[in-house]
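Here's a quick tour of one protein chain, written for someone new to reading structures. Have a look at the model first, then work through the notes.

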Amino acid sequence: MHSKRLKEMFGVSHGIPGVLLTLSKSYESGIYFEEQLEAIKCVSNYISNTCVKIGDEFFWETQKIIGIDSDKAVQSRDAWCYGTPGVAYSLLIASRILNDNEMRNLAIHSMKSSLKRLREVVSPTFCHGLSGICCLARKFYEYTNDIYFQEIYMGMFKNILNLYDEKNPLGFKDTEFEKGKLINKDEIGLLNGTSGLILTLLSCYRPVKTQWDSIFLL
């Protein structure tokens, strides 16, 4: 008889980093419940310990098979929704609450590693593309004052602008891999469309503090 194999997803949209961000953001806002701080510590430590480190590479798996250590670690695309950028951000916020410099350094190093490779990032949109990573890099700059993150998010801002095409009905295309081919789509929504992309551009062009990105737990 084969034992049941349980899977964990690592990503803000699809896993425990989203739970960690919810706990951390509510804590920072003064919304507490019993043992909340302990839960933040437990979840963030677990996420930290599951980081895969190979040479200068830092990443989290697309999914982790619980109890199976022999499976080869598979990288996810580098995106807000799932993958290293969103996971790193969840640890950065948790490290502020826990005053944990080791966790903070892991968040920074893993984010920089992700930004250097940008694995499978082909779309300008928010959920799985440049806009989401651009916003995350901007948040890393705000929290760390590391000029590297400022240069990255401003560079991405320019790259996204360069993808604008007045011939497109919505100005930008959502690009996806489907069956090994790049497919361009016209999308208007926050996650995969022009709405989220335009909000990203506005936040970089004129960085006035608003709550629009709280929907993405930023």
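This is a predicted model: local features need pLDDT of at least 70, side-chain atom pairs count only at pLDDT 80 or more; totals for chains, interfaces and linings use all residues.

Residues are numbered from 1 along each chain as its sequence is written, and side-chain values use heavy atoms, with hydrogens and water left out.

**The whole chain**

- The protein chain has seven helices and six strands; helices (H or I, at least four residues) and strands (E, at least two) are DSSP runs, numbered from the N terminus.
- The C-alpha atoms fill a box of roughly 55 × 45 × 35 Å along the principal axes.
- A compact globule of 218 residues would have a radius of gyration near 17 Å, and the chain's 18 Å agrees with that. That radius is taken over C-alpha atoms, and the globule rule is 2.2 Å times the number of residues to the power 0.38.

**Inside and outside**

- Buried residues make up 46% of the 218; buried means under 20% relative accessible area, exposed over 50%, and partly exposed in between (1.4 Å probe, protein chains only).
- Of the contacts (heavy atoms within 4.5 Å) with a separation of 6 or more, 64% join residues 24 or more positions apart.

**Helix α7**

- Helix α7 covers residues 194–205, and its twelve residues reach 16 Å from first C-alpha to last, close to the 16 Å expected. The expected span is 1.5 Å times one less than the number of residues.
- Its buried residues are T194, G196, L197, T200, L201, S203 and C204.
- Those buried residues pack against α5 (130–144) and α6 (147–162).

- L218 sits in the segment after α7. Is L218 buried or exposed? L218 is buried, with a relative accessible area of 7%.
- Leaving out residues up to four places away in sequence, L218 touches K25, W80, Y89, F126, C135, L136, K139 and D213.
- L218 and L21 are 197 residues apart along the chain, but their C-alpha atoms are separated by 8.4 Å.
- E35 is in the loop between α1 (16–28) and α2 (36–49), and E35 is exposed, with a relative accessible area of 59%.
- E35 and I215 are 180 residues apart along the chain, and 25 Å separates their C-alpha atoms.
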